[in-house]
Amino acid sequence: MSTSFTERTQTQKFRNLLRLIWKYRMVYTLLAPGLIWYIIFVYGPMGGLTLAFKSYRVSGGIWGSPWVGMENFKYIFVDQAFIRSVVRTLEINLGRMVFQFPMAIVIALLLNEVIFLRMKKSLQTILTFPHFLSWVVLSSVLITVLSYDGFVNGMIKTFGLKSFNFLGNESIFVPLLYITEIWKSSGWGAIIYLAAISGIDAEQYEAAAIDGVNRFQRMFHITLPGIMPTIIVMFILTMGGLMSTGFDQIFNLSNDAVRGVAETLDMYIYKISFQSAPDFSYSTAVSLFRSVINMALLLAADRIAKLMGKDGLMG
């Protein structure tokens, strides 16, 4: 009898679920295209991760290739090229955290202080525009401008100075990455912080103005604390991509002369997948390892934020 009662309860719950879905069918209809896209292009390809535990054979394909267990992962920690690429990735991306991450916040704070609305909109449009250009386009422009016979070296020669190798100099390649990424993405990132600033109660600014607090002090004592939850969330998300950011930029700007400083983990995966003798099983294993590390960093950053009394990303 108890089994029959349980079955009836489950049937009733299922019918209630169907009634709710039908009641909100328009909402689910709007949601369906996004869900279908995620299932096909995000979750579907995850089946290919099994290649990391196989020895890929072209004749058998992904599903017909033989299983080798953790064999591919054993080579990761003895591959010196992999170790160097991990170190290089951490060096570059930790620098991004220091130099790039705060720039969107700074731009948002400065734009918020612009009094004239038309000027504010114009500046925001100018700063946001580079985001919509791909790195293929931007790198072509940069290579043209910074080449030996480009605009910048042309100006240098005008003053009687020697040409400078901007694109083939290892010492300035990483700073060039930071500068160009700030130029491309900081304006777009500032939109998130401007949206957070718009949610701050205007009465706080009015009360501060009455008390004689200047604009600079209001920025640091009202605006910045008001957007701190947003900053923490963006910081956690940035930590979650610490091992995999910047491939498009580095791929399009790098060359043989700067290979020593441009060999990040993403570039290493690309090389072992397509440029050298392809080893798809090993490259998939490295990619899976990178994703696991990114996930661990994301969870660690979220946990640290909670221990510090802040709101984390996951509640």
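**Exercise 1.** Determine how helices α12 and α13 are oriented relative to each other in this predicted model.

*Solution.* Step 1: Two packed helices are described by the angle between their axes and the distance between the axes.

Step 1: Helix α12, residues 215-226, packs with α13 at an angle of about 50 degrees, and their axes are 5 Å apart.

Step 2: Angles under 35 degrees count as roughly parallel, and those from 65 to 115 as roughly perpendicular. Helices α12 and α13 are therefore oblique to each other.

Step 3: From α12, the residues Leu224, Pro225 and Gly226 meet Met228, Pro229 and Ile231 of α13. By class, this contact of α12 with α13 has 5 nonpolar residues, 1 polar residue and no charged residue.

**Exercise 2.** Describe the largest pocket and identify which helix supplies the largest share of its lining.

*Solution.* Step 1: The volume of the largest pocket is about 660 Å³.

Step 1: Its lining consists of 25 residues, and Gln100, Phe101, Glu181, Ser185 and Thr238 lie nearest the centre of the pocket.

Step 2: At least two lining residues come from each of α5 (80-99), α6 (101-112), α10 (170-198), α13 (228-239) and α14 (247-253). The largest share, 7 residues, belongs to α10.

Step 3: Sorted by class, the lining comprises 11 nonpolar, 11 polar and 3 charged residues.

Definitions and conventions: Residues are numbered from 1 along each chain as its sequence is written. This is a predicted model: local features need pLDDT of at least 70, side-chain atom pairs count only at pLDDT 80 or more; totals for chains, interfaces and linings use all residues. Side-chain values use heavy atoms; hydrogens and water are left out. On a 1 Å grid over the protein atoms alone, a cavity is a set of points where a 1.4 Å probe fits but cannot get out, and a pocket is an open set with protein on both sides within 12 Å along at least five of seven lines; lining residues have an atom within 4 Å of a point. Grid points are joined across faces, edges and corners, and a volume is the space filled by probe spheres set on the points. Helices (H or I, at least four residues) and strands (E, at least two) are DSSP runs, numbered from the N terminus. Ala, Val, Leu, Ile, Met, Phe, Trp, Tyr, Cys and Pro count as nonpolar, Asp, Glu, Lys and Arg as charged, and the others, Gly among them, as polar. Axes are lines fitted to C-alpha atoms, for helices over the stretch in contact, and angles run from 0 to 180 degrees between N-to-C directions. Angles under 35 degrees count as roughly parallel, over 145 as roughly antiparallel, 65 to 115 as roughly perpendicular and the rest as oblique. Contact means heavy atoms within 4.5 Å.
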